[in-house]
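Here is a short briefing on a structure. Look it over first, then read the notes by topic.

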There are 2 protein chains.
Amino acid sequence: MTEAPQPPERYQPADPRARAEAQALLRAATHAALAVLSPDTGHPQLSRVALGLGPRGEILSLVSTLSAHSRALALDPRAGLLVGEPGPKGDPLTHPRLSLEVTAQVLPRDDPQHEARRSHWLAAHPKSALYIDFADFRFLRLTPLSGLLVAGFGRAVPLAAADLGPDNLAGA
Amino acid sequence: MTEAPQPPERYQPADPRARAEAQALLRAATHAALAVLSPDTGHPQLSRVALGLGPRGEILSLVSTLSAHSRALALDPRAGLLVGEPGPKGDPLTHPRLSLEVTAQVLPRDDPQHEARRSHWLAAHPKSALYIDFADFRFLRLTPLSGLLVAGFGRAVPLAAADLGPDNLAGA
C-alpha cells in the first residue's frame with residue numbers, strides 16, 4: 001500500500017432507532033456471511049452460513065464440524081458476521097446491513113438447552129430438518145463483541161455488545 | 001472449543017464446469033462481502049462493497065480511503081471476498097457462491113490504467129458517478145490467491161489462483 005493509514009470514516013452515535021434497526025436485521029436473518037481466520041494463510045475466509053436466534057436470544061448458526069470454517073474456529077474463535085442481504089431491487093450498497101465482530105463457540109449436543117434450541121431452530125429453518133440430526137452437525141453460538149450498522153450511504157453507527165445481546169434479542 | 005480439529009469437508013476436483021461457474025459469478029457480481037483483519041482486535045471484519053472487473057479482467061472494488069476497511073487494508077492487505085448473493089426465492093444455502101482469498105492493493109489515480117478502469121467501471125456501475133471522483137475514492141485491486149466454489153449442498157470445489165486470474169476473466 002502506498003498510502004499511510006487515515007482516520008476512519010465519521011460515525012454517528014448509537015440511538016434507539018439504530019439499535020432497533022440492528023436488532024430487526026438480526027431477528028430477520030436466516031443466513032449470513034461468516035468470516036473466520038484461515039489457519040493456513042491467516043487470511044479472512046468467508047462462507048455463507050445459516051443464521052437464527054435461540055430461544056433465549058443468543059445468535060446461532062448450525063454448522064458441520066467437518067466444514068473448513070468449523071476447523072478454523074476450533075483453532076481461533078475470532079469471527080465476523082454480516083447480516084442484511086440486499087433484495088433484488090435498488091442499489092445493494094444502500095440496503096441496510098449489520099457487521100458484527102463475534103466469538104464463536106461450538107455447543108455440545110448434551111447441552112441442557114439443546115432440545116429447546118433444536119425446536120426453535122426448526123420452526124424458523126424447516127428445511128434444516130434434513131440434516132440437523134446428522135452426527136457432524138452442531139449449533140455454533142456467536143457472541144457479539146461489537147457491531148456496525150450501515151444503513152445506507154454515509155450512515156454508519158457503531159453499536160456495543162450489549163445492544164446486540166440476548167436480552168435485547170429474545171422474544172423475537 | 002471442546003472439539004479437536006477435524007479434517008475439512010470432502011472437496012471435489014476442479015473441472016471446466018466449476019471454473020466456468022466461478023468465473024460467471026465474478027463477472028456478474030456488482031457487490032460482494034469483503035472481510036479484512038481488524039487492526040484493533042485481529043477479528044475478521046466484514047463489509048459490503050461494490051465489485052466489478054477492470055478492462056483487463058482484474059477484480060476491482062471502489063472504496064473510500066476513509067473507510068474502516070481501507071484503514072485495515074493499509075496495515076494488512078490480506079482479505080477475503082464472498083460473491084454470489086442469494087435471490088429472493090429458494091434456499092439461500094443452495095445458491096452458488098464463490099469465496100476467495102485475496103490480496104488487496106489501493107491503485108493510485110495517476111496509474112496509467114486509471115481512465116480505462118474508470119470508464120469500464122461507470123458502464124457497469126452507473127450510480128457510482130455520484131462519488132467516483134470524490135477525493136477519497138480509489139480503486140482497490142483484489143488479486144486472488146485461491147478460491148472455493150460452493151454450488152449447493154455438498155458440492156465444494158477448490159480453485160487455483162490462475163482459474164480466477166485476469167486472463168480468464170477479461171472480455172466480460
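Which residues are buried in helix H2 (residues 68–75) of chain A? They are Ala68(A), His69(A), Ser70(A), Ala72(A) and Leu73(A). Buried means under 20% relative accessible area, exposed over 50%, and partly exposed in between (1.4 Å probe, protein chains only). Helices (H or I, at least four residues) and strands (E, at least two) are DSSP runs, numbered from the N terminus.

This is a predicted model, where local features need pLDDT of at least 70 and side-chain atom pairs count only at pLDDT 80 or more, while totals for chains, interfaces and linings use all residues. Residues are numbered from 1 along each chain as its sequence is written, chains are lettered from A and ligands numbered from 1 in the order in which they are written, and side-chain values use heavy atoms, with hydrogens and water left out.

**Cover of helix H2 in chain A**

- The cover over the buried residues of H2(A) includes strands E1 (31–37), E2 (44–50) and E4 (59–64) of chain A.
- It also includes strands E5 (78–83), E6 (97–107) and E7 (137–150) of chain A.

**Interface of chains A and B**

- Chain B gives 61 residues to the contact and chain A gives 61 residues; contact means heavy atoms within 4.5 Å.
- The two chains, B and A, bury about 5,100 Å² between them, 62% of it on carbon and sulfur atoms.
- Buried area is the accessible area (1.4 Å probe) that two parts lose on being put together, summed over both.
- Between chain B and chain A there are 14 residue pairs in polar contact, both residues at pLDDT 80 or more.
- A polar contact is a pair of N or O atoms within 3.5 Å; within protein, one must be able to donate a hydrogen and the other to accept it, and residues adjacent in sequence count only if both atoms are side-chain atoms.
- Elements that each supply at least two residues of the side of chain B that touches chain A include helix H2 (68–75) and strand E6 (97–107) of chain B.
- E6(B) gives the largest share of that side, 8 residues.
- By class, the side of chain B that touches chain A has 32 nonpolar, 18 polar and 11 charged residues.
- Ala, Val, Leu, Ile, Met, Phe, Trp, Tyr, Cys and Pro count as nonpolar, Asp, Glu, Lys and Arg as charged, and the others, Gly among them, as polar.

**Aromatic pairs**

- The whole structure has 6 aromatic pairs over all chains.
- Rings of Phe, Tyr and Trp (its six-membered ring) pair if their centres lie within 6.5 Å; planes under 30 degrees apart count as stacked, over 60 as edge-to-face and the rest as tilted.
- Trp121(B) and Phe139(B) are edge-to-face, because their ring centres are 5.6 Å apart and their planes stand at 65 degrees.
- Trp121(B) is in helix H3 (residues 114–124) of chain B and Phe139(B) in strand E7 of chain B, so the pair ties together parts 18 residues apart in sequence.
- Trp121(B) is buried at 2% relative accessibility, and Phe139(B) is buried at 2%.
- Tyr131(A), Phe134(A) and Phe137(A) are linked by ring pairs into a cluster.

**Salt bridges**

- The count is 16 salt bridges over all chains, with 0 between chain B and chain A.
- A salt bridge is a side-chain nitrogen of Lys or Arg within 4 Å of a carboxyl oxygen of Asp or Glu.
- Arg17(A) and Glu21(A) form one at 3.6 Å, N to O.
- Arg17(A), Glu21(A) and Arg155(A) are linked in a network of salt bridges.
- Asp76(A) and Arg78(A) meet at 2.9 Å, N to O; Asp76(A) is buried at 18%, and Arg78(A) is partly exposed at 30%.
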